[in-house]
Amino acid sequence: MSSEYAKQLGAKLRAIRTQQGLSLHGVEEKSQGRWKAVVVGSYERGDRAVTVQRLAELADFYGVPVQELLPGTTPGGAAEPPPKLVLDLERLAHVPPEKAGPLQRYAATIQSQRGDYNGKVLSIRQDDLRTLAVIYDQSPSVLTEQLISWGVLDADARRAVSHDEG
């Protein structure tokens, strides 16, 4: 396995784990020691090769099809989707209200509609970003840069916006 492929596989493993709200130690606890935090972490960093058997077992543990963990694959063989727009709600809470007030209210509304109160992150759609851009009287790309500078959006969001505007 090439080191680049191992890193991509690791990134997929980390994404699935974090989507499920699990820390490395949380995986170890939930699996009752079957999956050691240090081993899963080394798979995620691409420092350790994972066998097909272990990958299948890990996919089963996470409750996802194995192909979801493989780099360069998407469900149904579709084209790679743009990166998700994920707001870091913990960081948003530290942005001064005069700047983040509209975004905080918008995020609270989405949480209420979805019944999603994990309080850590919130996925938003491209349409949400466009709506927020209108509220902030900025283009989606300018608003994206602002949110990245606040630490509320990951820098990967640039790709989602450029994909949408392209």
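Reader: Leaving aside its neighbours within four places in sequence, which residues is Val 152 in contact with?

Author: Contact means heavy atoms within 4.5 Å. By that rule, and with neighbours within four places in sequence set aside, Val 152 touches Val 86, Leu 87, Asp 88, Arg 91, Leu 92, Val 95, Leu 103 and Leu 147. Do keep in mind that this is a predicted model, where local features need pLDDT of at least 70 and side-chain atom pairs count only at pLDDT 80 or more, while totals for chains, interfaces and linings use all residues. Residues are numbered from 1 along each chain as its sequence is written, and side-chain values use heavy atoms, with hydrogens and water left out.

Reader: Where is Val 152 found, and is Val 152 buried or exposed?

Author: Start with two conventions. Helices (H or I, at least four residues) and strands (E, at least two) are DSSP runs, numbered from the N terminus. Buried means under 20% relative accessible area, exposed over 50%, and partly exposed in between (1.4 Å probe, protein chains only). Val 152 sits in the loop between α8 (140–150) and α9 (157–165), and counts as buried because its relative accessibility is 1%. Its C-alpha is 8.2 Å from that of Val 86, although 66 residues separate the two in sequence.

Reader: What pattern does the protein chain follow, read along the sequence?

Author: The order is α-α-α-α-β-α-α-β-α-α-α, which comes to nine helices and two strands. Of the 166 residues in the protein chain, 37% are buried. Take the contacts with a separation of 6 or more: 54% of them are between residues 24 or more positions apart. The accessible surface (Shrake-Rupley method with a 1.4 Å probe; for residues, only the protein chains shown count as cover) is about 9,800 Å², with 52% belonging to carbon and sulfur atoms.

Reader: Let's look at one helix. Which residues are buried in α1?

Author: The general idea first: an α-helix has 3.6 residues a turn, so residues three or four places apart point the same way. In α1, the buried residues are Ala 6, Leu 9, Gly 10, Leu 13, Ile 16 and Arg 17. Viewed down the axis of α1, they fall within an arc of 125°, so they line one face of the helix; the arc is that of the directions from the helix axis to the C-beta atoms. The buried residues of α1 pack against α2, α3 and α4.

Reader: How many Å apart are the end C-alpha atoms of α1, and what span should its residues give?

Author: The expected span is 1.5 Å times one less than the number of residues. For the 17 residues of α1 this gives 24 Å, and the end C-alpha atoms are 24 Å apart, which agrees. Just after α1, Gly 21 takes a positive phi of about 70°.

Reader: How many salt bridges does a search of the whole structure find?

Author: A salt bridge is a side-chain nitrogen of Lys or Arg within 4 Å of a carboxyl oxygen of Asp or Glu. The search finds eight. One of them joins Arg 14 and Glu 44 at 3.4 Å, N to O. That pair links distant parts of the chain, 30 residues apart: Arg 14 is in helix α1 (residues 3–19) and Glu 44 in helix α3 (residues 37–45). Arg 14 is partly exposed at 33% relative accessibility, whereas Glu 44 is buried at 2%.

Reader: Which side chains does a polar contact join to that of Glu 44?

Author: A polar contact is a pair of N or O atoms within 3.5 Å; within protein, one must be able to donate a hydrogen and the other to accept it, and residues adjacent in sequence count only if both atoms are side-chain atoms. The side chain of Glu 44 has such a contact of 3.4 Å with Arg 14 and another of 2.6 Å with Arg 17. Leaving aside neighbours within four places in sequence, the residues in contact with Glu 44 also include Lys 7, Gly 10, Leu 24 and Tyr 62.

Reader: Where does Arg 34 lie, and where does Glu 57?

Author: Their side chains meet in a salt bridge of 2.2 Å, N to O. Arg 34 lies in the loop between α2 (24–30) and α3 and Glu 57 in helix α4 (residues 52–62), so the pair ties together parts that are 23 residues apart in sequence. Arg 34 is partly exposed at 41%, and Glu 57 is partly exposed at 23%.
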